[in-house]
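Subject: Structure for you, with notes

Hello,

Here is the structure I said I would pass on. My notes on what was found in it follow below.

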Amino acid sequence: MKLLEKLYREQYNDKVRMVYRRAGGAYNADDVIQEAFTRALQYEDSFNGETMEDLNKWFDCILRRSLYDFKRSEIKQGITQEELKEEDPD
């Protein structure tokens with residue numbers, strides 16, 4: 001998918017900065033973003049938009065879910081005491 005490749009090249013660092021604080025630092029944010037892009041590649045057939053804006057919305061949903069799963073994993077491992085609230089699926 002050409003748009004996803006463009007998103008990766010142009011907005012990777014912006015996406016890392018977007019989740020930096022919630023993920024607990026740069027390394028964790030990088031892991032979350034990589035996981036989100038892996039999921040995006042896995043489910044690229046579900047993307048039915050045409051513009052970069054459509055792709056951003058679709059990807060940000062995947063990114064939020066990846067971050068939620070990352071935080072849930074931290075809680076299960078006892079790494080953090082932070083309470084986790086369910087993210088809005090939109």
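Helices here are DSSP runs of H or I with at least four residues, and strands are runs of E with at least two, numbered from the N terminus. On that basis the protein chain has 3 helices and 0 strands. Read along the sequence, the pattern is α-α-α. Please keep in mind that this is a predicted model.

Overall picture

The protein chain has 90 residues, and 38% of them count as buried. Of the contacts in the protein chain with a separation of 6 or more, 59% are between residues 24 or more positions apart.

How the helices pack

H1 covers residues 2-23 and packs against H3 at an angle of about 40°, the two axes being 11 Å apart. Angles under 35 degrees would count as roughly parallel and those from 65 to 115 as roughly perpendicular; H1 and H3 are therefore oblique to each other. The crossing of H1 over H3 is right-handed. On the H1 side, the residues in this contact include Leu-3, Leu-4, Leu-7, Gln-11, Lys-15, Met-18 and Arg-22. On the H3 side they include Met-52, Leu-55, Asn-56, Phe-59, Leu-63, Lys-71 and Glu-74.

H2 also packs against H3, with an angle of about 130° and axes 9 Å apart. Angles over 145 degrees would count as roughly antiparallel, and H2 and H3 are therefore oblique to each other as well. H2 passes H3 in a right-handed crossing. H2 contributes, among others, Asn-28, Val-32, Ile-33, Ala-36, Phe-37 and Ala-40 to this contact. From H3 come residues including Trp-58, Phe-59, Ile-62, Ser-66, Phe-70 and Glu-74.

Some H3 residues are listed in both helix contacts. Phe-59 is one of them: Phe-59 is named in the contact with H1 and in the contact with H2. Glu-74 is another, named in the contact with H1 and in the contact with H2.

Aromatic residues

The structure holds 5 aromatic pairs. In one of them, Phe-37 and Phe-59 have ring centres 4.3 Å apart and planes at 35°, a tilted arrangement. This pair links distant parts of the chain, since Phe-37 is in helix H2 (residues 26-42) and Phe-59 is in helix H3, 22 residues apart. Phe-37 is buried, with a relative accessible area of 7%. Phe-59 is at 0% relative accessibility and so counts as buried too.

A second pair is made by Phe-47 and Trp-58, with ring centres 5.3 Å apart and planes at 55°, so this pair is tilted. Phe-47 lies in the loop between H2 and H3 while Trp-58 is in helix H3, so the pair ties together parts that are 11 residues apart in sequence. Phe-47 and Trp-58 are both buried.

Which residues form one aromatic cluster? They are Tyr-8, Tyr-12, Phe-37 and Phe-59.

Asn-56 is found in helix H3. Its relative accessible area is 16%, under the 20% cut-off, so Asn-56 is buried. Leaving aside its neighbours within four places in sequence, Asn-56 is in contact with Leu-7, Gln-11 and Lys-15.

Lys-71 also lies in helix H3. Is Lys-71 buried or exposed? At 5% relative accessibility, Lys-71 counts as buried. Its side chain reaches the backbone oxygen of Arg-22 at 3.3 Å, and makes a polar contact of 3.0 Å with the side chain of Glu-74. The C-alpha atoms of Lys-71 and Gly-24 are separated by 9.4 Å, although these residues are 47 apart along the chain.

Glu-74, the partner of Lys-71 in that side-chain contact, is found in helix H3, which spans residues 52-77. At 9% relative accessibility, Glu-74 counts as buried.

Regards

Definitions and conventions:
Residues numbered from 1 in each chain as written. Predicted model: local features only at pLDDT ≥ 70, side-chain atom pairs only at ≥ 80, totals over all residues. Heavy atoms only, no water. Buried < 20%, exposed > 50% of the residue type's maximum accessible area, 1.4 Å probe, protein only. Polar contact = N/O pair within 3.5 Å; in protein donor to acceptor, adjacent residues only side chain to side chain. Phe/Tyr/Trp six-rings, centres within 6.5 Å; stacked < 30°, edge-to-face > 60°. Axes fitted to C-alpha atoms, helices over the stretch in contact; angles between N-to-C directions. Left-handed = near helix turned anticlockwise from the far one by under 90°. Contact = heavy atoms within 4.5 Å.
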